Amino acid sequence: MGHSAFPWAESPDGKLSEMPVEPWEMAYAAAAAADVKVRPLDTLDEADVVNEVLTATWGDHQVLPRELIRAFMDSGNMPWGAFDGERMVGYVLGFMGMDHDGPHLHSHMLAVLPGYRSKGVGYALKLVQRAVALEQGIRIVRWTFDPLQSRNAYFNMAKLGAYCDRFHRDFYGEMTDDLNLGERSDRFVVRWQLERVAPGPAPADGVVVLDGEDDGDLLWPVLKDFPAGGPALVRVPRNYPELRERDAGWARAWRDASAQAIEAAFGAGLMVTGFTSDSAYVFA
């Protein structure tokens with residue numbers, strides 16, 4: 001199951017040595033279920049292909065210098081790719097970080113070509129990243145995501161088992177890529193404790209402090225009183241990216257209301273511990 005670029009993954013006799021079997025079994029099984037092969041990216045030509053996948057995801061405003069990708073490859077922060085035959089259809093890229101938890105892997109980019117999304121490719125790549133991190137002695141992976149992207153929230157918390165312990169308004173400032181143009185770049189900071197995977201959707205326990213009110217066309221945000229001590233539910237639209245194109249004022253209202261509710265929850269000493277099947281963050 002190992003790859004020659006990672007000597008810790010396989011001993012000379014072809015048997016797994018130091019590596020726990022379970023993380024790699026999960027990763028390769030997920031790749032097989034998605035009908036792709038996964039392997040580390042370690043050549044200069046592959047750095048250019050990474051940018052092709054990146055451009056297909058975010059547009060040509062987010063291209064990384066090939067020298068930087070090459071440096072990641074050579075410094076122990078090697079990206080991994082998912083392949084359909086010889087075609088790279090996705091990749092994951094991270095680098096080592098340090099915070100109050102100690103060392104962690106910061107997973108900066110996960111990109112999958114449009115025709116391969118919602119097929120498990122991203123899940124396989126995250127599980128590969130998990131397996132690599134565990135073998136390197138890293139137990140925590142972090143990344144950021146937009147709280148109004150409910151599909152990402154479900155993937156991060158209900159499928160991977162991560163939670164969120166920080167929130168920043170306008171974390172990246174103004175962004176010019178296709179997905180974020182015109183949006184305030186509010187971001188959760190995810191903390192994925194790697195021993196925990198796939199807890200499933202969280203139960204909808206708690207007082208709803210942000211909900212949607214139907215005006216006959218769109219669900220508009222309604223803030224409610226915050227409970228003392230929690231738990232609390234912050235509900236967000238299921239299809240925000242599509243609906244923001246219909247009404248910019250609606251999008252701004254949800255952006256501001258969600259930030260206010262999230263900041264109140266963190267201010268009360270709570271954190272995001274799950275995401276429900278009806279599109280609500282659970283703060284506890």
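Two strands pair when DSSP finds at least two bridges between them. With that in hand, look at strands β8 and β9 in this predicted model: they pair in the antiparallel sense over five bridges, and Leu210 stands opposite Leu223 of β9.

**Strand pairing around β8**

- Strand β8 covers residues 207-214 and is joined by three bridges to β10 (residues 232-235), with the two strands running parallel.
- For Val208, the bridge partner in β10 is Leu233.
- On the antiparallel side, β8 pairs with β9, which spans residues 219-223.
- Four residues sit between the strands in the β8-β9 hairpin, where Gly216 takes a positive phi near 95°.

**Ring pairs**

- The model has 13 aromatic pairs by the rule that ring centres lie within 6.5 Å.
- One of them is Trp24 with Trp80, at 5.7 Å centre to centre and 45° between the planes. Why call that pair tilted? Planes under 30 degrees apart would count as stacked and planes over 60 as edge-to-face, so 45° falls into the remaining class.
- Trp24 belongs to helix α1 (residues 21-33) and Trp80 to strand β2 (residues 80-84), so this pair ties together parts 56 residues apart in sequence.
- Are these two tryptophans buried or exposed? Trp24 has 1% relative accessibility and so counts as buried, and Trp80 counts as buried too, at 3%.
- Trp143 and Trp192 make an edge-to-face pair, because their planes meet at 85° with the ring centres 5.9 Å apart.
- Trp143 and Trp192 are both buried.
- There's also a cluster joined by ring pairs: Phe145, Phe167, Phe188, Phe266, Phe275, Tyr281 and Phe283.

**Charges over rings**

- Trp143 turns up again here: the charged end of Lys126 sits over its ring, 3.6 Å from the centre.
- Lys159 does likewise with Tyr123, its charged end sitting over that ring at 4.5 Å from the centre.

**The nonpolar core**

- The largest nonpolar core takes in 80 residues.
- Which residues have the most contacts inside it? They are Tyr91, Val121, Phe188, Trp192, Tyr281 and Phe283.
- Helix α4, residues 121-135, gives the most to this core, with ten residues.

**Positive phi outside glycine**

- Asp35 isn't a glycine, yet its phi is positive, at about 65°.
- You'll find Asp35 in the loop between α1 and β1 (37-40), and its 63% relative accessibility is why it counts as exposed.
- Ser118 is another non-glycine residue with a positive phi, this one near 60°.
- The loop that holds Ser118 lies between β4 (102-112) and α4, and at 82% relative accessibility Ser118 counts as exposed, because the cut-off is over 50%.

Terms used. Residues are numbered from 1 along each chain as its sequence is written. This is a predicted model: local features need pLDDT of at least 70, side-chain atom pairs count only at pLDDT 80 or more; totals for chains, interfaces and linings use all residues. Side-chain values use heavy atoms; hydrogens and water are left out. Rings of Phe, Tyr and Trp (its six-membered ring) pair if their centres lie within 6.5 Å; planes under 30 degrees apart count as stacked, over 60 as edge-to-face and the rest as tilted. Buried means under 20% relative accessible area, exposed over 50%, partly exposed in between (1.4 Å probe, protein chains only). A charge sits over a ring if NZ of Lys or CZ of Arg is within 6 Å of the ring centre and within 35 degrees of the ring normal. A nonpolar core is a set of buried Ala, Val, Leu, Ile, Met, Phe, Trp, Tyr and Cys residues joined through side-chain atoms within 4.5 Å.
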